[in-house]
Structures are given as structure tokens and as C-alpha cells.
Amino acid sequence: MKDITIGTKGWTTKVIVEAKGMPRSSQHSPVKYQRMILRDSAGTKVQATIFDSYIDKFSDVLTLYKTYYISNAVVKTILPQHRIANNDYQWHINSKIVVEEVTGECSSISVSPYNFVPFSEFSKYINSDVYVDVVGVVIDAHPTREIPTVNGPQKIQELVLVDQQLIPKILTMWDQFIENESAVIVKNIKSKPIIAAYRIRIVSFNGGSMSTKGSSTFVINPDIPEATILKSWCADNKTQLEQLTLKKSYVGSSSAAIKAPALHEIIEVKDIQFLEENQTTFWLQSKISIPHLNQKYWYMSCNKCYRRTNIDYKQTFDYVHCAEKQAIAMPRCLLEVQLSDKTGALIATLFGENAEKFICYSAETLMENSSEVFDISSLFCL
């Protein structure tokens, strides 16, 4: 496969369908497409795409985890920002392609082992540019809802997954993933389906949760060893899973999703400057204090996106930043603190609930007892 370029003629190659997404619509046109990843026996991968009417034609062909001989695919270059496989080329599949299924186990290409990331290691990838592959059991699904974003209101649906460590994690499905993959998962939620999710982003919400990207791919109840092991584990831990779903301890609680770091994951203040550029999260064991008592402890904010506003308390308004037409002005706690250990100190900012927990006062209380700048020692002693 690595030798196939735009000018290659009369080629035939043997590949396995390693990943296959559901059909979806283009963002700025009515064109429908379906993407897949093909891999040869040498490990070379290529992104292949089927468009419009050919999607139905090949619906029963190029099946996941099956091996095929392929000839005459249209080879095109692909821009780096659109690649989901490490290959300068992509294939377009149309009526000219020749596809023949390879029969016999000896002739088939085996499924390559996957590098699934355990839920307990999500902290390493929070808000980084690295996408991960995960496998888990879906135990719950929240209703679809609309949230404000910089691009306007968008629909999301949050699924709750666990792995063998019984760590609940949120997977946020966006846009067409709700209509396609999520709809199938929710329909089978009572059976606690196992999903393999590829090219997923880890975000900081709830101590490390998952979020789909345009290039993400899902396989529901995949025929892979990891899923077989997980299915057996589900059967052995059925009672625990049912209790977890019934209690819903993962709802509205970020602490339930955070696992204490291992000793080797904790760094010292002096080492922060040596972290990799794309690492935006880390663990510190430090003393926390308020270096300046005379500071701003709250600000008036939009109750949806938390941006600062000059609107009066509890007044409703239209906010252009989050496209919210019925935003409400509410105070939000903001606190500048110092984190220090034996190697040094740094200044950090606490917001919202975290700041309120630290000083034991709500933003409303701070607002009622002060102007935006005041000496907090009038409320309590530190």
C-alpha cells in the first residue's frame, strides 16, 4: 500500500477494514460521506471515503474486520488537517473500484492490537493535541440538550462509561454523532453495550472526560479481545453496575470522576517550567494560601458561559458571547491564591464552586457584604 500514489497504475492490494464510521452529511453542503480506515499486512494505513449514492451500494461490502483485495480506487492527496491516518494519500471509492473478499483464515489479515487508554490515565491527555482510543461499558445516557458555544447553540448528549476499575467517565457526543452512533447506543442502553471509541479528545470537564471530534469513530459491541474481556467482566459485576447506575453518583459531581494521582504523577513547582508545551494539566502537592487579602473576590457574570458582564444582579439580557437570549446576571466567585512547596511558589486563580469551597462563602454572600474590592478579613480570619 505504501507504494500506491496518484500515478500508480493497475494496482491491487490486500487490506483489512480496521475502522468504519457511520454515514454523515458535510457541514457546508448536502453531500453525504462515509469514512473508513484500511490497513495492509505491513501496517500501512489509508483513509478511504465513500460519497452519496455509493454509500448504499457498498453498505454490505467493506465490512469491519474483514479482508479484501481492492483495485482501482481513486487516489488523491489529503491535507494534514484532514488526515485520520498517517498517509499523504486518501482513496475515494466509486463505481470503478474492484472489491473481492478474501476467504479463508490463512489468507486474511489479522486485526492489529489496539492501544486503549485506561480511564485512570486520562489526566495525561487533558486538553492536549493527542487523540486517544478508549473502550468502555455504557451504563447511562443523559437526555439531549442544547448548550451555548462560541459558534452558537449546539446539541450534545452525554453518555456515562465505566471500565474495569469502575471509574465513571462522561463521553460527550456532538452534532451528527447524536443522530447516528448515540441513537443506536441509547436504543440498546439496557443491555449495557460496549463501545470502542477511536480518536477521542480528553477535556478537563469533570476531572477528565471524553469528547467527540469530527474524525472520531465508534464501534458498538466490537469483535475484539478487549471487548470480550469487558463483556465477561460486566457479567461478573452486574450488581455493582446496577447500583452505580441507580445511585447516579456521577451526576453533578466532578469529584466522583477524579482518581487520586500516583506518586510518580505528582511534580514539584520548580518542574513546571520543564513540562512539554502541549501538557496543560499536572498534579501538585502544595500549600495553598491567599497572598493578598485586598483583592477582587467576585464578579458579575453570565449564568450560562460565566463571562464578565456589566448587567445588574439577576437582570435578564441577550449575551452575544454565548448567543444566550435569556441570560441572567449572577455573581461568580474569583480568588487569587498562592501554591507553594519546598521548591518554589506560583500564583493561581480559583473560580466558581472551587473558590467558594476554599473560603466557605458563596459569591452571593461576598457580593452582599462588599463592593467588588474589599478586605476579606472583615468576614473571617485566615
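Among contacts in the protein chain between residues at least 6 apart in sequence, where contact means heavy atoms within 4.5 Å, 60% join residues at least 24 apart. The model is a predicted one, in which local features need pLDDT of at least 70 and side-chain atom pairs count only at pLDDT 80 or more, while totals for chains, interfaces and linings use all residues. Residues are numbered from 1 along each chain as its sequence is written, and side-chain values use heavy atoms, with hydrogens and water left out.

The protein chain has six helices and 24 strands, these being DSSP runs numbered from the N terminus (helices are H or I with at least four residues, strands are E with at least two). Along the principal axes, its C-alpha atoms fill a box of roughly 80 × 45 × 45 Å. Of the 382 residues in the protein chain, 42% are buried, where buried means under 20% relative accessible area, exposed means over 50%, and partly exposed lies in between (1.4 Å probe, protein chains only). The protein chain exposes about 21200 Å², and carbon and sulfur atoms supply 50% of that area, as computed by the Shrake-Rupley method with a 1.4 Å probe, with only the protein chains shown counting as cover for residues.

Among the strands, β7 (residues 89–93) has four of its five residues buried, so this strand is largely enclosed by the rest of the structure. Strand β4 (residues 45–51) runs parallel to β7 and is joined to it by four bridges, and in this pairing Q47 has Q90 of β7 as its bridge partner. Strand β6 (residues 74–77) pairs with β7 in the antiparallel sense, again over four bridges, with T77 standing opposite Y89; two strands are said to pair if DSSP finds at least two bridges between them.

S182, which has its place in α2 (residues 176–187), counts as buried because its relative accessibility is 0%. The side chains of S182 and Q157 are joined by a polar contact of 2.7 Å, a term for a pair of N or O atoms within 3.5 Å in which, within protein, one must be able to donate a hydrogen and the other to accept it, and for which residues adjacent in sequence count only if both atoms are side-chain atoms. Leaving aside neighbours within four places in sequence, S182 is in contact with Q157, L159, M173 and F177.

Helix α5 (residues 352–359) has G352, A355 and I359 as its buried residues. Seen down the axis of α5, these fall within an arc of 70°, so they line one face of the helix, the arc being that of the directions from the helix axis to the C-beta atoms. An α-helix has 3.6 residues a turn, so residues three or four places apart point the same way. The face of α5 turned away from its buried side carries the exposed residues E353, N354 and K357.

After α5 comes C360, whose phi is positive, near 65°, and which lies in the loop between α5 and α6 (363–368). C360 counts as exposed, at 63% relative accessibility. K314, in the loop between β20 (298–302) and β21 (316–319), also has a phi near 65°, a positive value in a residue other than glycine, and K314 is exposed, with a relative accessible area of 53%.
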